[in-house]
Amino acid sequence: DDALLDVSGLSVGFEGFDGYADVVGDVDLHVERGEVVTIVGETGCGKSVTTKAITGLLDEPPAHVEGDVEFDGMDLRELSEAEREDLNGDRLGMVSQNPLSSLNPVFTVGEQLTDTAQFGGSDDAGLLSYLRRRHSGSERAAARERVLEMLREVQMPDPEAVIDSYPSELSGGMRQRALIAQALLNEPDLLIADEPGSALDVTVHDRILSLLTDVIAERDMSVLMITHNLGVARQISDRIYIMYGGRIVESAPTEEIFTEARHPYTQGLIASIPRLSGEPMAGGIDGSVPEYTDPPSGCRFHPRCPYADDDCRSAAPPRTDFGEEAHAVCVRHVDGGPTPTIAETKRR
Ligand code: SF4
Ligand code: MG
């Protein structure tokens, strides 16, 4: 298998005051070269935790991570901290959902991005090397020019002024653009984006998404994006994973998710997109995401599922594959069982 990113058997738990929280389990996912993949699920479904575990941000207690994460044949979980930092910001670009905490307030945008352009990661080690070499001349001028170009590409207003501004002097949308520019500076092979723009108001969010769609289309870059918005996933991705209660419950090529949604949760998500169903929230899903310290038995979706029966409550449902690219984790598909339709879901 020559997937660029290949994750198997990933599980993440946290030791806490309320006991052990089993937040993510049995996650298998892959991103092929040049492929744009999204993980879709509600807030609290474990998608941020999944990407953080993939990028090595959860390698310390109280988090407990298990499973294999391979990037271009390298076992990411076996890399030293230094090797990992070389990779992050260079071959692996990250855009987080919080543009406030992701930029260092004491350095200008230009200082931070030039640092990334020259030394890879935006971590403190990179900043230190920047401080040591800040007067190194022409190389630095070239890096600054590259940063300016990238700021123009992300449609930053007035790049020449922004490059010498501190993050606190920028709007939320401008900070998000700066982070996207930073993630793209070294033309990463894989961009991992956690709900980019979702902390901003709707108009700015939309602009950030169309910007991302453009910069992705212009590059032969692989992308793993997470979002709570199925419409966004449809706009941007080749393939979709649906996550519920820390488990991948369905995956399929993007259009197949919409024409042939197999999991009751996916059907509920689709039914709750007003533009697609024509009926605002008609088939929407009642209830909320499970507690991770005391999750529902069997299928974690059973308290919210219109089809739940005793089997669903007693044992975790099996996975059924549909060809190479699609699968669903639901008892209704065992032995080629029916694909319940969205209309059927809405009638209940
Ligand atoms: Fe619903 Fe049962 Fe399928 Fe879970 S396994 S999604 S409860 S039908
Ligand atoms: Mg999140």
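By class, the residues forming the shell around ligand 1 comprise 10 nonpolar, two polar and one charged. The model described here is a predicted one. In total, 13 residues surround ligand 1, and the closest of them are Cys 299, Cys 305, Tyr 307, Cys 312 and Cys 330.

Helix α6 spans residues 138-153 and contains 16 residues. The distance from its first C-alpha to its last is 23 Å, close to the 22 Å expected at 1.5 Å a residue. Within α6, the residues Ala 143, Val 147, Met 150 and Leu 151 are buried. These four lie on the same side of α6 because they cover an arc of only 100° around the axis. In general, an α-helix has 3.6 residues a turn, so residues three or four places apart point the same way. Ser 138, Ala 141, Glu 145, Glu 149 and Arg 152, on the other side of α6, are exposed. The packing partners of the buried residues of α6 are α4 (109-119), α7 (159-162) and α8 (172-184). After α6 comes Gln 155, which has a positive phi, near 55°.

Thr 254 belongs to helix α11, which covers residues 254-259. Thr 254 counts as partly exposed because it has 19 C-beta neighbours inside 10 Å, whereas a buried residue requires 20 or more. When neighbours within four places in sequence are left aside, Thr 254 is in contact with Arg 234, Ser 237, Asp 238, Arg 239 and Ile 240. Arg 319 is 65 residues from Thr 254 along the chain, and the C-alpha atoms of the two are separated by 19 Å.

Terms used: Residues are numbered from 1 along each chain as its sequence is written. Chains are lettered from A and ligands numbered from 1 in the order in which they are written. This is a predicted model: local features need pLDDT of at least 70, side-chain atom pairs count only at pLDDT 80 or more; totals for chains, interfaces and linings use all residues. Helices (H or I, at least four residues) and strands (E, at least two) are DSSP runs, numbered from the N terminus. The expected span of a helix is 1.5 Å times one less than its number of residues. A residue is buried if 20 or more other C-beta atoms lie within 10 Å of its own, exposed if 12 or fewer, and partly exposed in between; C-beta atoms are placed from the backbone. The arc is that of the directions from the helix axis to the C-beta atoms. Two residues are in contact if their C-beta atoms, placed from the backbone, lie within 7 Å. A residue is near a molecule or strand if its C-beta atom, placed from the backbone, lies within 6 Å of it. Ala, Val, Leu, Ile, Met, Phe, Trp, Tyr, Cys and Pro count as nonpolar, Asp, Glu, Lys and Arg as charged, and the others, Gly among them, as polar.
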